[in-house]
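Below is a short briefing on a structure, arranged by topic. Please read it with the sequence and the coordinates at hand.

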Amino acid sequence: MIYLLEDTINGILMGSIYGLTALGLTVIFGVLKVINFAHGSLLMVAMYVTYWTVQMSGIHPYLSLVVVVPVMFVFGYYLQDIVIKPIFKAEKEVREPITVIIVTTGVWYILDNLTLLIFGPQYRNLQDNALRGKMFVLGDMLISVPKFWGFVTALVTAGLLYWFLQRTRIGRAIRATSLDREASSLMGISPYKVYNLAFGIGTATAGVAAVTLIPFYNVFPTVGVLFDIKGFIIVVLGGLGSIGGALLGGIIIGLIESVGPQFMAATWTEAIVYALFLVFLFLKPSGLFGVKYDW
Amino acid sequence: MTRRSINQSACLLVAVLALGLPLVMRSATYLHILILLYFYAYLTTSWNLVGGFAGVLPLGHAAFVGIGAYTSTILYLQYGVSPWLGMLVGGILATLVGILIGLPTFKMRGAYFALATIAFAEGIRVMIENIDRLGPFVINGPRGLQIPPLKLGLSNFMFAVKEPYYYIILIMLAAVLLLTYCISRSKLGYYLNAGGEEPEAAMALGVNVARAKLIAMAMSSFLTALAGTFYAQFTLYIHPKSVVSLDLSFEIAFIALIGGRGSIAGPVLGALLLRPVSDFSRIYFGDTVPGLHLIIFGVVLILVMLYQPRGLQEPLTRLYNRLVDRLAGTEGGEASA
C-alpha cells in the first residue's frame, strides 16, 4: 500500500515534468495550428545548453535558467522566422499546413544528428550537482528532491504562461491571432511576428523543462525523441492548445508509468499509454480541456 | 520521331537497363544496394497511394512492413508454409489492420492523422517487443526471428545469390508502378485527388471521399506488407527495431515527399536520389561522421519543401519534357525538309 502511495506521488512529480516538456508544443499548436515535430530536439538542445552551462561554471542547476531561457527563446524565434515562416507565406490559404509538420521533422533530423556529430553518442550527466540523488524521507516513503523541484517549476511556469497570455498586451495579441488570424491582422497585429514570439516562448519553456531534467536525467543526442512522442500523447490527452491540459496529460502519463509496474511488466506500460492515446484520438480528439475544432 | 515514340523508347531503355544491370554488375555489394533501392522505391510508391493521392500524412507504414514480415516468417518457421503464401496472408492481415486504422482516423485532419498513425505503429512495435508467444505463435520479443537458409529455391523464396532477389523486387516495383498508373487514370484516382485537395467541394459533388481514402489505405497497407515479406526473405533475420521502427516509417515518408508526393515518378525518383546518398555516406563516413546521411536528408527535405513543394519530380519532369520537345521538334523538322 505504502509503495502504491509512493509510486503515485513520484508519478505525479515526474508526470508534471512531462507536462512541462509538452507546454511548448501546446503553446505553438495553439497559435500556429501545427504540431512542432522538432520540439523534442529543441528540448535536447536546451539540455545540452544547460549541461554545459552548469558543467563549466559549477553553479546550482536552477541558476542556469538565466542563460538557458533567453538562449532558447532566441533560438526558437529565429528558427520560426528563418525556416518556417516562408512556408506560411507560401501557403497562406491552407489552414493547417502539412508542409510545416514535414519541415519541423527535417529540423528534428538535422538537430539530432548535428549534436551526434559534435558531442558524440555518449550519455552525459551532472555527477556532483546540488540535487542529484537527494531524497525526502516521508515516513517510510522516499520522494526524489529534483523531481519535487521539477513539479514546483512546472506549476510556476504554467501559471506564469497563463498569466502572460491572459493579462499582458503581447499575450492578448497572441490569443487574438490564434482565434482569428485575418481579423487580428486587420487590428494591426502582425501575425508573423506573433508566430515568431509564440515559437520563441514555446522553445523557452522547453528550456525550463531541460533545466528541471538535468539534475537527474542523462543527456544524449536522441533524448528528445523520447519526449517528442510523449509530448504528442500528452497534448492530445490534455487538449491541443490547453496549458492546464498539458500538465494534466503529463501527470496521467507519469502515473501510468510509475503505478503501472505494480500490476504488470514495466515495458507493458508503454503499450497502455499508446492504447490510451488512440482511444482518446478516436473518442474525444479535442482532449480533456481542448477547444472543439472542426476535425 | 514523334513524342510518343520518344517516350516509348525511353521506357524501353530504362527497362533494358534495369533488366540487364545484374549481368554487367558483378559486385554483390552494389547489387545489394540496388535491391534495397528498389525495395524503398516499392515502399514509397505504395505509401504514395494513400500519402500522396489521398492527401494525408501517414507516418506509421513500418507497422505494415512488420505485419508482412512477421506473418510470413512465423508461418514458414512453425508450419512450413511457403513464404509466397505467407506473403498473401500477411497482406490480407495488413489490409484488415489498415482499414481498422483508416475507419476512425480519416475523419481527422492533417496533424491528428499523422499522430494517430505514429501511435499505432509504435504500439505495434511495443507489443512485438513484449510478446514472446502469442497463443501458438512464437514471436520471440525483442530478439527477433531468424530464418535458417536450409531449403533454398524459388518455392521457399530463398536464394544463395542476390540476382533472384533483384528480379523479384524489380517485378514487384514494376507491378506497383503500373497499378499506380492505372489508379491515377481511374475514377478512384480522381476521387482521391479531389478529396485530397478540396474535400468539401468533392463531397458536395457526391464523391464519397472517406470511402475512396479507405480503399487507397487498404491497397497501400496490402502492398506494403508484401514488401515486409520480401525484406524478411532477403535478410533472413527480422526484429522489431528493423522492421517496425519509427525511423523506417519516417524514411518512407521522407523519400516520397522529397521525390514528390502524389505523382507516379516522384517516389521512385526520391529513392533513386536519396538511397545512394544514405548508402554511400554510411560506407565512407559511417565511422567518422555518423548520421551524415540523416543531416543531408533533413536539409534536402527542408529545401525541397521551401522551394519545390511538389517535390523534385516537377523540375525533372519539366526538363524531360523540354528534352522530348526539342528532340521531337528537330526530328520533325528534318523529316519535313
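Leaving aside its neighbours within four places in sequence, which residues is A:H39 in contact with? They are A:T21, A:G24, A:L25, A:G202, A:A206 and A:D228, where contact means heavy atoms within 4.5 Å. The model is predicted, so local features need pLDDT of at least 70 and side-chain atom pairs count only at pLDDT 80 or more, while totals for chains, interfaces and linings use all residues. Residues are numbered from 1 along each chain as its sequence is written, chains are lettered from A and ligands numbered from 1 in the order in which they are written, and side-chain values use heavy atoms, with hydrogens and water left out.

**Chain A: overall build**

- Chain A holds eleven helices and two strands, helices (H or I, at least four residues) and strands (E, at least two) being DSSP runs numbered from the N terminus.
- Read from the N terminus, the order of these elements in chain A is α-α-α-α-β-β-α-α-α-α-α-α-α.
- A compact globule of 295 residues would have a radius of gyration near 19 Å, and the 19 Å of chain A agrees with this; the radius is taken over C-alpha atoms, and the globule rule is 2.2 Å times the number of residues to the power 0.38.
- Along the principal axes, the C-alpha atoms of chain A fill a box of roughly 60 × 45 × 35 Å.
- Of the 295 residues in chain A, 58% count as buried, that is, under 20% relative accessible area with a 1.4 Å probe and protein chains only.
- In chain A, 77% of the contacts between residues at least 6 apart in sequence join residues at least 24 apart.

- A:H39 belongs to helix α2 (residues 39-57) of chain A and counts as buried because its relative accessibility is 4%.
- A:T21, which lies in helix α1 (residues 2-32) of chain A, is buried with a relative accessible area of 4%.
- Apart from neighbours within four places in sequence, A:T21 is in contact with A:H39, A:L43, A:A209, A:L213 and A:F227.
- Helix α11 (residues 268-283) of chain A has 16 residues and reaches 23 Å from its first C-alpha to its last, close to the 22 Å expected at 1.5 Å a residue, the expected span being 1.5 Å times one less than the number of residues.
- The buried residues of α11(A) include A:T269, A:V273, A:Y274, A:F277 and A:F280.

**Chain B: overall build**

- Chain B has 14 helices and four strands, and its C-alpha trace spans about 75 × 55 × 40 Å along the principal axes.
- For 337 residues, a compact globule would have a radius of gyration near 20 Å, and chain B, with 21 Å, agrees.
- Of the 337 residues of chain B, 51% count as buried.
- Among contacts in chain B between residues at least 6 apart in sequence, 76% join residues at least 24 apart.

**Chain B: positive phi values**

- Most residues other than glycine have a negative phi.
- B:F157 has a positive phi, near 55 degrees, and lies in the loop between β3 (145-146) and α6 (163-184) of chain B, where B:F157 is buried at 0% relative accessibility.
- B:L236, also not a glycine, has a positive phi of about 60 degrees; B:L236 sits in the loop between α9 (209-235) and β4 (237-238) of chain B and is buried, with a relative accessible area of 16%.

Conventions
Buried means under 20% relative accessible area, exposed over 50%, partly exposed in between (1.4 Å probe, protein chains only).
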